[in-house]
Amino acid sequence: GSFEVNLKKLLDENISPEGQELINVVGKWASQLGMRVFLVGGIVRDLLLGHKQKDLDIVVEGDALVLAQEVGKTLSAIKFIPHERFKTASIILKNGQKIDFSTSRVEFYQHPAALPEVEVSTIREDLYRRDFTINSMAIEITYGHIGELFDPFGGLLDLREGIIRVLHNLSFVEDPTRILRALRFLGRFNFKLEENTEKLLVDAIAGGFLNLVSSARILYELKLIFAEKDILKILKFLKHYGVFQEVFPKAFYEEDYLKRYFNYTVEYFRLLKEMKIPWLHGVMGVYAKNLEGIEEFIKKYPLTGEEEEVLRQGALGIKEALKLLSLSREVKGVEIFETLTKLPPEGYWALYLLLDRFRARERFKTYFEELRFIKPEITGEDLKALGLKPGPLYREILHKIKMLKIDGVLKNKDEEILYVKQNYF
Ligand code: CTP
(Lines give C-alpha, C1' and ligand atoms only; values in the text may rest on other atoms or scores of the structure.)
Protein backbone atom coordinates (compact mmCIF):
# COMPACT_ATOMS: atom_id res chain seq x y z
CA GLY A 1 0.00 0.00 0.00
CA SER A 2 0.95 3.61 -0.11
CA PHE A 3 2.65 5.58 2.60
CA GLU A 4 1.01 8.31 4.59
CA VAL A 5 3.41 10.90 3.36
CA ASN A 6 2.51 14.41 2.39
CA LEU A 7 4.92 16.23 0.21
CA LYS A 8 3.18 19.56 0.00
CA LYS A 9 6.13 21.21 1.71
CA LEU A 10 8.60 19.58 -0.67
CA LEU A 11 6.59 20.88 -3.63
CA ASP A 12 6.39 24.37 -2.13
CA GLU A 13 10.12 24.50 -1.57
CA ASN A 14 11.40 22.91 -4.76
CA ILE A 15 9.03 23.96 -7.50
CA SER A 16 9.18 27.38 -9.09
CA PRO A 17 6.29 29.82 -8.56
CA GLU A 18 5.20 29.28 -12.17
CA GLY A 19 5.28 25.53 -11.64
CA GLN A 20 3.13 25.88 -8.54
CA GLU A 21 0.68 28.12 -10.33
CA LEU A 22 0.45 25.49 -13.03
CA ILE A 23 -0.08 22.73 -10.49
CA ASN A 24 -2.91 24.72 -8.94
CA VAL A 25 -4.68 25.30 -12.23
CA VAL A 26 -4.28 21.65 -13.24
CA GLY A 27 -5.45 20.46 -9.84
CA LYS A 28 -8.53 22.65 -9.83
CA TRP A 29 -9.60 21.69 -13.32
CA ALA A 30 -9.08 18.01 -12.59
CA SER A 31 -11.22 18.21 -9.50
CA GLN A 32 -13.91 20.12 -11.39
CA LEU A 33 -13.93 17.53 -14.18
CA GLY A 34 -14.00 14.66 -11.70
CA MET A 35 -10.54 13.42 -12.62
CA ARG A 36 -7.47 12.68 -10.53
CA VAL A 37 -4.15 14.05 -11.56
CA PHE A 38 -0.57 13.22 -10.56
CA LEU A 39 3.04 14.12 -11.03
CA VAL A 40 4.93 10.95 -11.91
CA GLY A 41 8.28 9.47 -12.74
CA GLY A 42 11.65 11.15 -12.48
CA ILE A 43 10.37 14.32 -10.90
CA VAL A 44 8.90 12.48 -7.92
CA ARG A 45 12.14 10.57 -7.43
CA ASP A 46 14.24 13.72 -7.73
CA LEU A 47 12.03 15.72 -5.38
CA LEU A 48 12.34 13.02 -2.76
CA LEU A 49 16.11 12.96 -3.24
CA GLY A 50 16.18 16.70 -2.75
CA HIS A 51 17.52 17.25 -6.25
CA LYS A 52 16.59 20.20 -8.38
CA GLN A 53 13.35 19.59 -10.16
CA LYS A 54 13.04 19.42 -13.92
CA ASP A 55 10.07 19.02 -16.28
CA LEU A 56 6.67 18.26 -14.87
CA ASP A 57 5.37 14.92 -16.05
CA ILE A 58 1.61 14.82 -15.56
CA VAL A 59 -0.61 11.75 -15.58
CA VAL A 60 -4.39 11.98 -15.53
CA GLU A 61 -6.82 9.39 -14.29
CA GLY A 62 -9.53 10.50 -16.67
CA ASP A 63 -9.03 12.16 -20.03
CA ALA A 64 -5.74 13.98 -20.55
CA LEU A 65 -7.01 15.65 -23.74
CA VAL A 66 -9.95 17.30 -22.03
CA LEU A 67 -7.92 18.38 -19.03
CA ALA A 68 -5.04 19.73 -21.13
CA GLN A 69 -7.46 21.71 -23.25
CA GLU A 70 -9.12 23.38 -20.25
CA VAL A 71 -5.80 24.12 -18.59
CA GLY A 72 -4.52 25.51 -21.85
CA LYS A 73 -7.49 27.87 -22.12
CA THR A 74 -7.11 29.09 -18.54
CA LEU A 75 -3.42 29.78 -18.99
CA SER A 76 -3.86 31.20 -22.52
CA ALA A 77 -1.55 28.57 -23.92
CA ILE A 78 -0.27 29.41 -27.39
CA LYS A 79 -0.59 25.84 -28.59
CA PHE A 80 -2.59 22.71 -27.88
CA ILE A 81 -1.23 19.51 -29.38
CA PRO A 82 -3.47 16.47 -28.93
CA HIS A 83 -2.43 12.88 -29.75
CA GLU A 84 -5.72 11.04 -29.91
CA ARG A 85 -4.13 7.68 -30.45
CA PHE A 86 -1.96 7.78 -27.33
CA LYS A 87 -4.50 9.78 -25.33
CA THR A 88 -1.87 12.34 -24.53
CA ALA A 89 -1.69 16.07 -25.13
CA SER A 90 0.82 18.85 -24.80
CA ILE A 91 0.30 22.52 -24.31
CA ILE A 92 2.82 25.25 -24.90
CA LEU A 93 2.61 28.24 -22.61
CA LYS A 94 3.30 31.85 -23.51
CA ASN A 95 6.79 31.59 -22.03
CA GLY A 96 7.56 28.67 -24.35
CA GLN A 97 7.31 26.02 -21.66
CA LYS A 98 5.85 22.72 -22.81
CA ILE A 99 3.72 20.60 -20.54
CA ASP A 100 2.83 17.02 -21.31
CA PHE A 101 -0.32 15.37 -20.09
CA SER A 102 -0.93 11.67 -20.49
CA THR A 103 -3.90 9.56 -19.64
CA SER A 104 -3.00 6.79 -17.20
CA ARG A 105 -2.60 3.68 -19.26
CA VAL A 106 -1.41 0.13 -19.47
CA GLU A 107 0.64 -1.08 -22.37
CA PHE A 108 0.42 -4.52 -23.87
CA TYR A 109 3.39 -5.98 -25.63
CA GLN A 110 2.54 -8.33 -28.48
CA HIS A 111 6.08 -9.67 -28.37
CA PRO A 112 9.30 -8.68 -26.61
CA ALA A 113 10.64 -5.24 -27.46
CA ALA A 114 7.63 -4.48 -29.69
CA LEU A 115 5.86 -1.16 -29.59
CA PRO A 116 3.10 -1.43 -27.02
CA GLU A 117 -0.63 -1.31 -27.51
CA VAL A 118 -2.24 1.27 -25.27
CA GLU A 119 -5.33 1.03 -23.08
CA VAL A 120 -6.74 3.41 -20.47
CA SER A 121 -6.31 2.32 -16.87
CA THR A 122 -5.85 3.48 -13.29
CA ILE A 123 -2.83 5.34 -11.99
CA ARG A 124 -1.75 2.17 -10.19
CA GLU A 125 -1.57 0.24 -13.44
CA ASP A 126 0.15 3.16 -15.12
CA LEU A 127 2.85 3.04 -12.47
CA TYR A 128 3.10 -0.74 -12.70
CA ARG A 129 4.19 -0.61 -16.35
CA ARG A 130 7.22 1.49 -15.44
CA ASP A 131 10.85 0.51 -15.09
CA PHE A 132 11.95 0.62 -11.45
CA THR A 133 10.26 1.15 -8.10
CA ILE A 134 12.08 4.46 -7.56
CA ASN A 135 10.51 5.72 -10.80
CA SER A 136 7.06 4.33 -10.03
CA MET A 137 5.77 6.77 -7.49
CA ALA A 138 3.22 9.53 -8.00
CA ILE A 139 2.39 12.71 -6.17
CA GLU A 140 -1.26 13.65 -6.40
CA ILE A 141 -1.98 17.24 -7.37
CA THR A 142 -5.78 17.05 -7.59
CA TYR A 143 -7.18 20.02 -5.70
CA GLY A 144 -7.67 19.07 -2.06
CA HIS A 145 -5.09 16.27 -2.34
CA ILE A 146 -2.00 18.17 -3.37
CA GLY A 147 1.20 16.53 -2.18
CA GLU A 148 -0.17 13.09 -1.33
CA LEU A 149 2.38 10.45 -2.22
CA PHE A 150 1.09 7.38 -4.03
CA ASP A 151 3.70 4.68 -3.72
CA PRO A 152 2.17 1.25 -4.27
CA PHE A 153 5.43 -0.60 -4.98
CA GLY A 154 7.74 0.53 -2.22
CA GLY A 155 9.67 3.11 -4.18
CA LEU A 156 10.31 5.38 -1.22
CA LEU A 157 11.92 2.61 0.79
CA ASP A 158 14.10 1.58 -2.16
CA LEU A 159 15.07 5.18 -2.68
CA ARG A 160 16.11 5.46 0.97
CA GLU A 161 18.10 2.24 0.77
CA GLY A 162 19.58 2.94 -2.62
CA ILE A 163 18.10 0.04 -4.53
CA ILE A 164 17.20 -0.36 -8.18
CA ARG A 165 14.39 -2.91 -8.38
CA VAL A 166 12.10 -3.87 -11.24
CA LEU A 167 8.39 -4.25 -10.61
CA HIS A 168 8.02 -7.61 -12.29
CA ASN A 169 10.09 -10.32 -13.94
CA LEU A 170 9.41 -9.33 -17.54
CA SER A 171 10.51 -5.72 -17.21
CA PHE A 172 13.82 -6.06 -19.08
CA VAL A 173 12.26 -8.36 -21.67
CA GLU A 174 9.44 -5.97 -22.45
CA ASP A 175 11.79 -3.05 -22.72
CA PRO A 176 15.46 -4.02 -22.99
CA THR A 177 16.59 -0.38 -23.00
CA ARG A 178 15.91 -0.63 -19.29
CA ILE A 179 19.13 -2.62 -19.04
CA LEU A 180 21.00 0.54 -19.96
CA ARG A 181 18.75 2.71 -17.82
CA ALA A 182 19.42 0.50 -14.80
CA LEU A 183 23.18 0.83 -15.25
CA ARG A 184 22.87 4.57 -15.77
CA PHE A 185 20.91 5.01 -12.54
CA LEU A 186 23.36 2.76 -10.66
CA GLY A 187 26.15 5.06 -11.71
CA ARG A 188 24.29 8.29 -11.20
CA PHE A 189 22.92 7.60 -7.75
CA ASN A 190 25.52 5.15 -6.51
CA PHE A 191 22.75 2.61 -5.94
CA LYS A 192 22.79 -1.19 -5.98
CA LEU A 193 20.78 -3.66 -8.01
CA GLU A 194 18.35 -5.68 -5.94
CA GLU A 195 19.29 -9.36 -6.12
CA ASN A 196 16.46 -10.67 -8.28
CA THR A 197 16.66 -7.59 -10.49
CA GLU A 198 20.33 -8.28 -11.08
CA LYS A 199 19.56 -11.85 -12.03
CA LEU A 200 16.87 -10.71 -14.47
CA LEU A 201 19.23 -8.15 -15.95
CA VAL A 202 21.99 -10.71 -16.44
CA ASP A 203 19.51 -13.15 -18.01
CA ALA A 204 18.14 -10.50 -20.35
CA ILE A 205 21.65 -9.62 -21.49
CA ALA A 206 22.58 -13.28 -21.93
CA GLY A 207 19.34 -13.79 -23.87
CA GLY A 208 20.44 -11.15 -26.34
CA PHE A 209 17.43 -8.94 -25.73
CA LEU A 210 19.35 -5.76 -26.36
CA ASN A 211 19.74 -6.89 -29.96
CA LEU A 212 15.98 -6.77 -30.40
CA VAL A 213 15.94 -3.04 -29.76
CA SER A 214 16.43 -0.64 -32.64
CA SER A 215 19.87 0.92 -32.80
CA ALA A 216 18.20 4.33 -32.65
CA ARG A 217 16.86 3.60 -29.18
CA ILE A 218 20.22 2.28 -27.99
CA LEU A 219 21.86 5.39 -29.37
CA TYR A 220 19.38 7.53 -27.47
CA GLU A 221 20.45 5.79 -24.26
CA LEU A 222 24.14 6.24 -25.07
CA LYS A 223 23.64 9.96 -25.45
CA LEU A 224 22.00 10.03 -22.04
CA ILE A 225 24.96 8.14 -20.58
CA PHE A 226 27.39 10.64 -22.06
CA ALA A 227 25.38 13.46 -20.51
CA GLU A 228 25.90 12.05 -17.00
CA LYS A 229 28.40 13.38 -14.49
CA ASP A 230 30.19 10.15 -13.70
CA ILE A 231 30.49 8.49 -17.08
CA LEU A 232 33.34 6.22 -16.05
CA LYS A 233 31.24 4.57 -13.40
CA ILE A 234 28.53 3.75 -15.90
CA LEU A 235 31.06 2.44 -18.42
CA LYS A 236 32.43 0.19 -15.69
CA PHE A 237 28.98 -1.24 -15.18
CA LEU A 238 28.55 -1.72 -18.93
CA LYS A 239 31.82 -3.62 -18.94
CA HIS A 240 31.00 -5.60 -15.82
CA TYR A 241 27.73 -6.85 -17.27
CA GLY A 242 29.17 -7.54 -20.70
CA VAL A 243 27.28 -4.80 -22.52
CA PHE A 244 30.20 -2.56 -23.35
CA GLN A 245 31.32 -4.54 -26.41
CA GLU A 246 27.78 -4.80 -27.62
CA VAL A 247 27.03 -1.09 -27.60
CA PHE A 248 30.55 0.02 -28.58
CA PRO A 249 31.60 -2.56 -31.17
CA LYS A 250 35.39 -2.87 -31.61
CA ALA A 251 36.18 -0.41 -28.81
CA PHE A 252 39.00 -1.38 -26.42
CA TYR A 253 38.06 -1.05 -22.80
CA GLU A 254 41.12 0.26 -21.03
CA GLU A 255 40.18 1.37 -17.60
CA ASP A 256 43.24 3.48 -16.83
CA TYR A 257 42.79 5.46 -19.99
CA LEU A 258 39.05 5.87 -19.46
CA LYS A 259 39.65 6.92 -15.89
CA ARG A 260 41.89 9.75 -17.02
CA TYR A 261 39.63 10.58 -19.93
CA PHE A 262 36.41 10.97 -17.98
CA ASN A 263 38.01 12.61 -14.99
CA TYR A 264 36.55 15.97 -15.78
CA THR A 265 38.38 19.13 -14.92
CA VAL A 266 37.62 22.80 -15.22
CA GLU A 267 39.53 22.79 -18.48
CA TYR A 268 37.21 20.17 -19.87
CA PHE A 269 34.15 22.28 -19.20
CA ARG A 270 35.78 25.15 -21.00
CA LEU A 271 36.53 22.91 -23.94
CA LEU A 272 32.98 21.59 -23.93
CA LYS A 273 31.70 24.96 -25.04
CA GLU A 274 33.73 24.69 -28.22
CA MET A 275 32.27 21.35 -29.22
CA LYS A 276 29.54 21.25 -31.81
CA ILE A 277 28.26 17.88 -30.62
CA PRO A 278 29.45 17.36 -27.04
CA TRP A 279 28.32 13.75 -26.60
CA LEU A 280 30.73 12.73 -29.37
CA HIS A 281 33.53 13.66 -27.00
CA GLY A 282 32.42 10.60 -25.05
CA VAL A 283 32.50 8.39 -28.14
CA MET A 284 36.00 9.62 -29.01
CA GLY A 285 37.15 8.64 -25.53
CA VAL A 286 35.71 5.16 -25.76
CA TYR A 287 37.35 4.58 -29.16
CA ALA A 288 40.64 6.39 -28.52
CA LYS A 289 42.52 3.13 -28.02
CA ASN A 290 41.22 1.68 -31.26
CA LEU A 291 40.43 4.48 -33.66
CA GLU A 292 39.67 2.07 -36.51
CA GLY A 293 36.73 0.86 -34.45
CA ILE A 294 34.89 4.13 -34.91
CA GLU A 295 33.75 2.96 -38.34
CA GLU A 296 31.88 0.13 -36.61
CA PHE A 297 30.12 2.65 -34.40
CA ILE A 298 29.20 4.71 -37.45
CA LYS A 299 27.90 1.60 -39.17
CA LYS A 300 25.82 0.46 -36.22
CA TYR A 301 23.99 3.66 -35.33
CA PRO A 302 21.79 6.03 -37.33
CA LEU A 303 23.93 9.14 -37.00
CA THR A 304 23.44 12.47 -38.72
CA GLY A 305 25.83 13.44 -41.47
CA GLU A 306 27.40 15.97 -39.16
CA GLU A 307 27.91 13.42 -36.39
CA GLU A 308 29.58 11.01 -38.81
CA GLU A 309 31.79 13.78 -40.07
CA VAL A 310 32.97 14.75 -36.58
CA LEU A 311 33.77 11.13 -35.71
CA ARG A 312 35.63 10.45 -38.97
CA GLN A 313 37.53 13.73 -38.82
CA GLY A 314 38.22 13.03 -35.17
CA ALA A 315 39.74 9.61 -35.79
CA LEU A 316 41.70 10.75 -38.81
CA GLY A 317 42.81 13.97 -37.16
CA ILE A 318 44.10 12.11 -34.10
CA LYS A 319 46.05 9.63 -36.23
CA GLU A 320 47.73 12.38 -38.24
CA ALA A 321 48.42 14.50 -35.19
CA LEU A 322 49.96 11.56 -33.33
CA LYS A 323 52.39 11.04 -36.17
CA LEU A 324 53.37 14.69 -36.50
CA LEU A 325 53.58 15.65 -32.85
CA SER A 326 55.75 12.65 -32.04
CA LEU A 327 58.41 13.34 -34.68
CA SER A 328 61.92 13.67 -33.28
CA ARG A 329 62.84 16.35 -35.82
CA GLU A 330 61.98 20.00 -35.43
CA VAL A 331 58.32 20.61 -36.22
CA LYS A 332 57.18 24.01 -37.42
CA GLY A 333 54.20 25.90 -36.05
CA VAL A 334 52.59 25.93 -39.45
CA GLU A 335 52.79 22.15 -39.72
CA ILE A 336 51.18 21.79 -36.32
CA PHE A 337 48.50 24.28 -37.23
CA GLU A 338 47.64 22.68 -40.54
CA THR A 339 47.32 19.21 -39.08
CA LEU A 340 45.48 20.09 -35.89
CA THR A 341 43.09 22.51 -37.50
CA LYS A 342 41.46 19.47 -39.09
CA LEU A 343 40.80 17.86 -35.72
CA PRO A 344 37.41 18.76 -34.20
CA PRO A 345 37.47 19.78 -30.50
CA GLU A 346 35.57 16.58 -29.70
CA GLY A 347 38.88 14.80 -30.30
CA TYR A 348 41.32 17.09 -28.45
CA TRP A 349 41.30 15.32 -25.13
CA ALA A 350 41.58 11.86 -26.67
CA LEU A 351 44.62 13.00 -28.61
CA TYR A 352 46.22 14.71 -25.64
CA LEU A 353 46.01 11.61 -23.48
CA LEU A 354 47.46 9.47 -26.24
CA LEU A 355 50.60 11.61 -26.39
CA ASP A 356 53.13 9.94 -24.16
CA ARG A 357 56.13 12.20 -24.77
CA PHE A 358 56.62 15.48 -23.00
CA ARG A 359 57.67 17.20 -26.20
CA ALA A 360 54.60 16.02 -28.11
CA ARG A 361 52.32 17.24 -25.35
CA GLU A 362 54.04 20.62 -25.35
CA ARG A 363 53.50 20.87 -29.08
CA PHE A 364 49.83 20.16 -28.62
CA LYS A 365 49.62 22.80 -25.91
CA THR A 366 51.15 25.43 -28.19
CA TYR A 367 48.41 24.72 -30.67
CA PHE A 368 45.72 24.58 -28.04
CA GLU A 369 46.72 27.74 -26.21
CA GLU A 370 48.22 29.90 -28.95
CA LEU A 371 48.35 28.80 -32.55
CA ARG A 372 44.67 28.24 -33.05
CA PHE A 373 43.87 31.78 -31.96
CA ILE A 374 46.37 33.56 -34.19
CA LYS A 375 44.75 35.81 -36.76
CA PRO A 376 46.16 38.45 -39.14
CA GLU A 377 45.78 41.94 -37.80
CA ILE A 378 45.00 43.38 -41.21
CA THR A 379 41.54 42.84 -42.61
CA GLY A 380 39.82 42.95 -45.96
CA GLU A 381 39.24 46.65 -45.34
CA ASP A 382 42.98 47.22 -45.13
CA LEU A 383 43.55 45.35 -48.38
CA LYS A 384 40.93 47.48 -50.06
CA ALA A 385 42.54 50.64 -48.74
CA LEU A 386 45.82 49.45 -50.22
CA GLY A 387 44.07 49.38 -53.59
CA LEU A 388 43.62 45.62 -54.10
CA LYS A 389 40.48 44.55 -55.93
CA PRO A 390 38.19 42.48 -53.70
CA GLY A 391 38.06 38.81 -54.71
CA PRO A 392 39.27 35.32 -53.87
CA LEU A 393 42.78 36.71 -53.60
CA TYR A 394 41.85 38.30 -50.26
CA ARG A 395 41.35 34.93 -48.62
CA GLU A 396 44.60 33.65 -50.03
CA ILE A 397 46.53 36.67 -48.75
CA LEU A 398 44.96 36.57 -45.29
CA HIS A 399 45.68 32.85 -45.02
CA LYS A 400 49.28 33.33 -46.09
CA ILE A 401 49.75 36.10 -43.51
CA LYS A 402 48.23 33.94 -40.81
CA MET A 403 50.76 31.19 -41.59
CA LEU A 404 53.63 33.67 -41.51
CA LYS A 405 52.40 34.97 -38.16
CA ILE A 406 52.24 31.45 -36.79
CA ASP A 407 55.81 30.96 -37.92
CA GLY A 408 56.80 34.21 -36.24
CA VAL A 409 57.95 35.79 -39.51
CA LEU A 410 55.42 38.62 -39.35
CA LYS A 411 55.12 40.24 -35.96
CA ASN A 412 52.76 43.19 -36.27
CA LYS A 413 50.36 45.03 -38.53
CA ASP A 414 53.07 47.18 -40.13
CA GLU A 415 54.99 44.11 -41.14
CA GLU A 416 51.81 42.55 -42.53
CA ILE A 417 51.13 45.62 -44.67
CA LEU A 418 54.70 45.72 -45.87
CA TYR A 419 54.48 42.07 -46.79
CA VAL A 420 51.37 42.68 -48.91
CA LYS A 421 52.99 45.64 -50.64
CA GLN A 422 56.11 43.67 -51.44
CA ASN A 423 54.39 40.54 -52.69
CA TYR A 424 51.09 41.52 -54.29
CA PHE A 425 51.88 44.67 -56.24
N1 CTP B 1 10.09 4.91 -18.06
C2 CTP B 1 10.03 3.52 -18.07
N3 CTP B 1 10.76 2.77 -18.95
C4 CTP B 1 11.57 3.40 -19.83
C5 CTP B 1 11.67 4.80 -19.86
C6 CTP B 1 10.92 5.53 -18.95
O7 CTP B 1 9.30 2.96 -17.26
N8 CTP B 1 12.28 2.67 -20.69
C9 CTP B 1 9.28 5.69 -17.13
C10 CTP B 1 9.89 5.87 -15.74
O11 CTP B 1 8.84 5.88 -14.81
C12 CTP B 1 10.52 7.24 -15.82
C13 CTP B 1 9.54 7.99 -16.72
O14 CTP B 1 9.06 7.00 -17.63
O15 CTP B 1 10.64 7.84 -14.56
C16 CTP B 1 10.14 9.17 -17.45
O17 CTP B 1 11.20 8.76 -18.27
P18 CTP B 1 12.47 9.66 -18.53
O19 CTP B 1 12.11 11.07 -18.61
O20 CTP B 1 13.23 9.03 -19.64
O21 CTP B 1 13.38 9.37 -17.25
P22 CTP B 1 13.52 9.96 -15.82
O23 CTP B 1 13.15 8.90 -14.85
O24 CTP B 1 12.86 11.26 -15.71
O25 CTP B 1 15.09 10.04 -15.73
P26 CTP B 1 16.13 11.17 -16.08
O27 CTP B 1 16.40 11.81 -14.76
O28 CTP B 1 17.31 10.42 -16.59
O29 CTP B 1 15.50 12.05 -17.08
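Okay, so let's start with strands E2 and E5. E2 covers residues 57-61 and E5 covers residues 98-103, and the two pair in the parallel sense over four bridges. This is a predicted model, by the way, so keep that in mind throughout.

Ala 89 stands opposite Phe 101 in E5. E4 is residues 88-92, and here the pairing with E5 is antiparallel, over five bridges. E4 and E5 make a hairpin with five residues between the strands, and in that hairpin Gly 96 takes a positive phi near 95°.

Leu 39 has Ile 58 as its bridge partner in E2. That brings in strand E1, residues 36-40, which runs antiparallel to E2 and is joined to E2 by four bridges.

On to E3, then. E3 pairs with E4, again in the antiparallel sense, and again over five bridges. His 83 finds its bridge partner, Thr 88, in E4. E3 and E4 form a hairpin too, with four residues between them, and Lys 87 in the turn has a positive phi of about 55°.

So what order do the strands take in the whole sheet? Reading across, you get E3-E4-E5-E2-E1-E8-E9, seven strands in an open sheet with mixed pairing. At the edges stand E3, residues 79-83, and E9, residues 148-150; each has a single partner strand, so one side of each is left without a neighbour in the sheet. Neighbouring strands here are turned by 25° against each other on average, if you ignore direction.

Which residues come nearest to the ligand? There are 14 residues around the ligand, and the nearest are Arg 45, Lys 54, Asp 131, Asp 175 and Arg 188. By class, that shell has nine charged residues, four polar ones and one nonpolar.

Where does the shell come from? Helix H3, 42-49, and helix H8, 177-189, each supply at least two of its residues. H8 gives the largest share, six residues.

One is 2.9 Å from an N or O atom in the side chain of Arg 184. For Asn 135, a polar backbone atom is 3.0 Å from a ligand oxygen. And for Gly 42, again with a polar backbone atom, the distance to a ligand oxygen is 3.2 Å. How much of the ligand does the protein cover? On its own the ligand has 570 Å² of accessible area, and the protein covers 75% of that.

Last thing, zooming out to the chain. There are two domains in the assignment, domain 1 at 8-161 and domain 2 at 380-424. Taken over C-alpha atoms, the centres of domain 1 and domain 2 are separated by 62 Å.

Terms used: Residues are numbered from 1 along each chain as its sequence is written. This is a predicted model: local features need pLDDT of at least 70, side-chain atom pairs count only at pLDDT 80 or more; totals for chains, interfaces and linings use all residues. Side-chain values use heavy atoms; hydrogens and water are left out. A residue is near a molecule or strand if one of its heavy atoms lies within 4 Å of it. A polar contact is a pair of N or O atoms within 3.5 Å; within protein, one must be able to donate a hydrogen and the other to accept it, and residues adjacent in sequence count only if both atoms are side-chain atoms. Accessible areas come from the Shrake-Rupley method with a 1.4 Å probe; for residues, only the protein chains shown count as cover. Ala, Val, Leu, Ile, Met, Phe, Trp, Tyr, Cys and Pro count as nonpolar, Asp, Glu, Lys and Arg as charged, and the others, Gly among them, as polar. Two strands pair if DSSP finds at least two bridges between them. Domain bounds come from an automatic or database domain assignment. Axes are lines fitted to C-alpha atoms, for helices over the stretch in contact, and angles run from 0 to 180 degrees between N-to-C directions.
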